[in-house]
Amino acid sequence: MSAAPDRWELAATAAAALAVNPEGLGGLVLRARPGPARDAFLDVVHALVDRSVSRLPGGLDPAALTAGLDLGETLRTGREVRTKGLMARLSDTIALVPMAERMNGGTAALLAAGLDAGDAPAPILLDESAEPDEAVPEALADRLAIALSLDGLAVGDVGRQPYGPDDMPRARARLEAGIDDGAALETLTKICASFGIGSLRGPLLALRLARALAALDGVGVIGEEQITKATLLCLAPRATVLPTAEEQSEEAAPPPPEETPDEQERRSSETGPLEDRVLEAIAATLPDLGLTGGRQRGAAKSSGAGDRRKSASHGRPVRSRPGKPDGKRLDIFATLLTAAPWQPLRRRAAAGREGLIVVPDDFRIRQYDQPSESVLIFLVDASGSQAAARMAEAKGAVELMLAEAYRRREKVALIAFRGQGAELILPPTRSLLQAKRRLAVLPGGGPTPLATALVAGRELAVQVRRRGATPYLVALTDGRGNIGLDGEPGRAQATEDQTQAARAIAAEGITAALIDTANRPQADAQTLARAMAARYMPLPRADARGISKIVRASVAA
Amino acid sequence: MSKPFPFSAIVGQDEMKHALMVAAVDPSVGGVLVFGDRGTGKSTAVRALAALLPPISARPDCPYNSAAGDAVPGRDADAKEPRPVKIPTPVVDLPLGATEDRVVGTLDLERALATGEKRFEPGLLARANRGFLYIDEVNLLEDHLVDLLLDVAASGENVVEREGLSVRHPARFVLVGSGNPEEGELRPQLLDRFGLSVEIGSPSEIADRVEVIRRRDRFDRDPDGFLADWEEEEVTAQKRIVSARKALAKVETPDTAIEAAARLCQAIGSDGLRGELTLIRTARAAAALDRRRKVKVSDIARMAAPALRHRLRRDPLDETGSTARIARAVTEVLGV
């Protein structure tokens, strides 16, 4: 058997492991668009599990999970009837959660707490996110042992199933009887260290996964093969750093060479610590498996889409008001409250009618207070011309604006551009410290890909807006781009591209400001600002404080 | 509900464990804020501590866990006291999505519908009375809720004025908030109102990490056996807290300690007097935990970091760690 199984086989193995021990492993995060590969995978799950598979919509209201009011019964009988929450009712099932990246933070928190207490279903989170920064809620994902991606797998890739339904009872019995860990715990812990995984749930879940895999393979002791698979399925997706980066890029550059089993046999039997052999065995497959891109966690990405949704975009419920629930949410509680005092009167009027009498006038609809969150997107020119002249001043100005943003509880994002492209060095975050750190280490030099930066800025602004927040774009540049969108040098093309990009920003109606960082204010930047419909101002000499005020004034307008 | 992990079996994390014990000895120090990464044992520690504490004596089936003699809504002051029962120290989780209704309590709908009677239905604050209220990711909670929680935690009473109800009930609990600072910061005015704050990370030594997992795994597989192994240590720790609670009122705070606290707070420039007060209270609880009857300057030095590190006036962009600044001040001012 080869040390690096193909992606489908690995996925099918993961399904089998989950079927062996759903309680211990918590569940699974599956990154895949709906399609035949995903269907095939879910078929495998259905075939192997020893319990029913339920569905739990990702956008579920947290209230539905916990015990609550049974509205139908309550209205019929005229007294409060409570139901067991969905979570308790489904607790011995495997729950498919479609659109898990849209999961409400409260729902995720409840499920996570349920998993800790052992009375929640084992979820399979179907992550269908299209945007790279959308992800399933971390608090929940951290408690699930397995994460895998089926992106890019087609019908043709769906192959044999390493384990069938008949293997399951035996595997469960073996797990029950106990598996010898061997060196698994130490090895997995060391691998976690080289992946930069801080959470101790990682190694614990990986160990359980390795045990389930050993039980499936019918071995009494966890061996290298199980450790390798557990690393791929459980630890690699949690990695915040890639081990031995230089070796990695070498291996990743050409498409991973097809190794014959012999070669791999030879490699894996080389002497050396077990964890190094495991890491080496998976090094080539990491990029190929698409594991690293999908759900990389850690400091850099921790301000993902999840926490944003938790608070602002739903808004907090405020007073309900009378109204018709046409597409709006009926506040059942408030409606019943309104109806309650009238019951004796209404019953008298409608003799013989049982239960609660609710009339349309009682309807109350729920209102949400949705504080519109602002995100300041800084486009910072870090090119050579800038670096020479006024980089430090520009950084100073951004820092002042950051301090102001902190006071106003705004989020900030940083896009820096130099050389061939623009890089999002800080996704929207409220953590000022991070912004400052990233800014401080920002290197300068190289040509000016201004057009690319404007495109990136617009894309981010549109993303921010789609999430219900208000984007403000602040570009700090001298407006003298010299790299076109195609990455080729040439001022003429670059100027045309950046003007186009600027017009696109104006067309989106994004509020923008352009701070001219040239030594002497010039026409280039002014023209660009006009195309962008942005407020233009030259960077005042030695008075970064002034900038903050001006930007404030323009974005507030 | 499964049994919680034994408190004594938690590897490392001494500062957090000590801060929680201090708060358990003297709940009036205010809440404990725990900042750290996921999976570092924050919620485990809170649950474990609650399980460690001796059961409390309460009226049977009381939604407020009230003790005999407490005035609670819906209870006639002249009514005969029922026979109290022993219940475990409550730990209530506040889920992120919790609404204000659920937290403070609201009108009892069943009563309102059936009889038209207005009656209060207690919320999570009532259930947490005399126990712990644990909030994961407190920095992501709506500000107005954090504010409300801190108010109740400080006053020990929940006052409800809503939906035509006017109710107050005891809500004395230790507030424990946890969060990951990378995901957003808590507003300074909220930070200041937590009594203690600790920063934790996962152990960096491989051997420690292996030990953590080994214990956790052993516990998951055989909870009863594991608990039996740790029974002795748990009993010792419980006694320590119980005797510290009893002794607390008798612990003396000499002027030298108060002065040391004042000088320290002045040196680091913490705003207001909350810093000093918390520092002295926590030092007293720490002394009681060490079975001493007198607060020493070393107690002040020990509690300086958890009691003050979140109160430093700070430039949001300043990177110098608060812990380092306090350590420096302790050395300079107290010479220890």
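Trainee: Let's start with strand E1 (residues 32–36) of chain B: how many of its five residues are buried?

Mentor: Happy to. A residue is buried if 20 or more other C-beta atoms, placed from the backbone, lie within 10 Å of its own, exposed if 12 or fewer, and partly exposed in between. Strands here are DSSP runs of at least two residues and helices are H or I runs of at least four, numbered from the N terminus. By that count E1(B) is mostly covered, and the number of its residues that are buried is five.

Trainee: Before we go on, what should I know about the model and its numbering?

Mentor: This is a predicted model, in which local features need pLDDT of at least 70 and side-chain atom pairs count only at pLDDT 80 or more, while totals for chains, interfaces and linings use all residues. Residues are numbered from 1 along each chain as its sequence is written, with chains lettered from A and ligands numbered from 1 in the order in which they are written.

Trainee: Which residues of E1(B) cover each face?

Mentor: In a regular strand the side chains alternate between the two faces of the sheet. Both faces of E1(B) are covered by buried residues. One side has Val32(B), Val34(B) and Gly36(B), and the other has Leu33(B) and Phe35(B).

Trainee: Where does E1(B) stand in its sheet, by strand order?

Mentor: Two strands pair if DSSP finds at least two bridges between them. Four bridges join E1(B) to the parallel strand E10 (residues 173–179) of chain B, with Phe35(B) partnered by Gly179(B). Five bridges join E1(B) to strand E11 (residues 196–200) of chain B, also parallel, and there Leu33(B) stands opposite Ser197(B). The open sheet of five strands, parallel in its pairing, has the order E4-E7-E10-E1-E11.

Trainee: And which strands are the edge strands?

Mentor: An edge strand of this sheet pairs on one side only. At one end, four bridges link E4(B) in the parallel sense to strand E7 (residues 131–135) of chain B, where Val91(B) has Phe132(B) as its bridge partner. The edge strands are strand E4 (91–94) and E11 of chain B.

Trainee: How are helix H11 (residues 201–217) of chain A and helix H8 (residues 206–221) of chain B oriented: parallel, antiparallel, perpendicular or oblique?

Mentor: Axes are lines fitted to C-alpha atoms, for helices over the stretch in contact, with angles from 0 to 180 degrees between N-to-C directions. Angles under 35 degrees count as roughly parallel, over 145 as roughly antiparallel, 65 to 115 as roughly perpendicular and the rest as oblique. The axes of H11(A) and H8(B) come within 10 Å and cross at roughly 55 degrees. H11(A) and H8(B) are therefore oblique.

Trainee: Which residues of H8(B) meet Pro203(A), Leu204(A) and Leu207(A)?

Mentor: Contact requires C-beta atoms, placed from the backbone, to lie within 7 Å. From H8(B), the residues that meet those three of H11(A) are Arg209(B), Ile213(B), Arg216(B) and Asp217(B).

Trainee: Last one: is Asp119(A) buried, exposed or partly exposed?

Mentor: Asp119(A) is in the loop between helix H7 (105–117) and strand E6 (122–127) of chain A. Beyond residues up to four places away in sequence, Asp119(A) touches Ala88(A), Ser91(A) and Gly114(A). Ser91(A) is 28 residues away in sequence and 5.4 Å away, C-alpha to C-alpha. Because Asp119(A) has 16 C-beta neighbours inside 10 Å, this residue counts as partly exposed.

How values were computed
Two residues are in contact if their C-beta atoms, placed from the backbone, lie within 7 Å.
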